[in-house]
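Hello,

Here is the structure I promised to pass on to you.

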Amino acid sequence: MSPLKIKKGTSRKSAYDLKDPHADVIERHTLACIVTNEAGVLARVIGLFSGRGYNIESLTVAEIDHEGHRSRITVVTTGTPEVIQQIKAQLGRMIPVHDVHDLTEEGPAVERELALFKVAGKGDKRIEAIRLAEIFRANVVDSTLESFIFEMTGTSEKIDAFADLMRPLGLVEVARTGVAALSRGEV
């Protein structure tokens, strides 16, 4: 058996280490699935993700057609382009799934999330929390002498930024709904 002829300047490491580091770019996609509203559908859709080790960043589900018994599942997931294609194909083959839309690829979309923030503080921290809430257009939905609960709707990035600013002011707890999204323009 002849020895490998490796040119000067190349790596002697495994061939698996020679793949392009930019080939496995992780992308974030928002998928909207219209499904039959019946028992076990959500468990089957989620089972597809967990069974194959796919990540879910956000998940929202609600009935959209009472008479037609249809619900909309909005999933924000991450993966390589190949993994995203595989997820869409596998979702599309499921019996209770009527339609799968990749809102990230189909053009402009509107994404919003609702969050509640409980912030405890007194004195200057309390005043600063109210000032920042006004800047971020967060509403005070509950107030005591020692804490506030703010309600805010916006992009996930806006909610993350508000949470980061509230931490040093006494952020106690956060509750988030997950992303709801619709494609822009005409159907």
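Arg137 is exposed, because its relative accessible area of 71% is over the 50% cut-off. In this predicted model, Arg137 lies in the loop between α3 (124-135) and β6 (139-143). Its backbone deserves a look too: Arg137 has a positive phi of about 60°, although it is not a glycine. For background, most residues other than glycine have a negative phi.

His69 is another non-glycine residue with a positive phi, here about 55°. You will find His69 in the loop between β2 and β3. Is His69 buried, exposed or partly exposed? With a relative accessible area of 46%, His69 is partly exposed.

Leaving aside neighbours within four places in sequence, Thr36 is in contact with Val41, His69, Pro96 and His98. With His98 there is also a polar contact, side chain to side chain, at 2.5 Å. Thr36 itself lies in strand β1, which covers residues 27-36.

That strand brings us to the sheet. Four strands form an open sheet in the order β2-β3-β1-β4, and their pairing is antiparallel. Its edge strands are β2 (55-65) and β4 (97-102), each of which pairs on one side only. On average, neighbouring strands of this sheet are turned by 20° against each other, direction ignored. If you zoom in on β1 and β4, you will see that they pair in the antiparallel sense over five bridges. As a landmark, Leu31 has Asp102 as its bridge partner in β4. Helix α2 (residues 81-93) packs on the sheet and touches β1, β3 (70-79) and β4. The direction of α2 makes about 0° with that of β1.

Now to the nonpolar cores. In soluble globular proteins, nonpolar side chains tend to be buried together. Which residues touch the most other members of the largest nonpolar core? They are Phe117, Val119, Phe150, Met152, Phe162 and Met166, out of 17 residues in that core. At least two residues each are supplied by β5 (109-120), α3, β7 (147-154) and α4. The largest share comes from α4, with four residues.

A search of the whole structure finds five aromatic pairs. Ring pairs link Phe117, Phe136, Phe148, Phe150 and Phe162 into a cluster.

One last stop is Ser156, which is found in helix α4 (residues 156-166). Ser156 counts as buried because its relative accessible area, 14%, is under 20%. Its side chain makes a polar contact of 2.8 Å with the side chain of Glu113. Neighbours within four places in sequence aside, Ser156 is in contact with Arg28, Glu113, Arg176 and Val179.

Happy exploring, and do write back with any questions.

Best wishes

Definitions and conventions: Residues numbered from 1 in each chain as written. Predicted model: local features only at pLDDT ≥ 70, side-chain atom pairs only at ≥ 80, totals over all residues. Heavy atoms only, no water. Polar contact = N/O pair within 3.5 Å; in protein donor to acceptor, adjacent residues only side chain to side chain. Contact = heavy atoms within 4.5 Å. Pairing = 2+ DSSP bridges. Axes fitted to C-alpha atoms, helices over the stretch in contact; angles between N-to-C directions. Buried < 20%, exposed > 50% of the residue type's maximum accessible area, 1.4 Å probe, protein only. Phe/Tyr/Trp six-rings, centres within 6.5 Å; stacked < 30°, edge-to-face > 60°. Core = buried A, V, L, I, M, F, W, Y, C linked by side-chain atoms within 4.5 Å.
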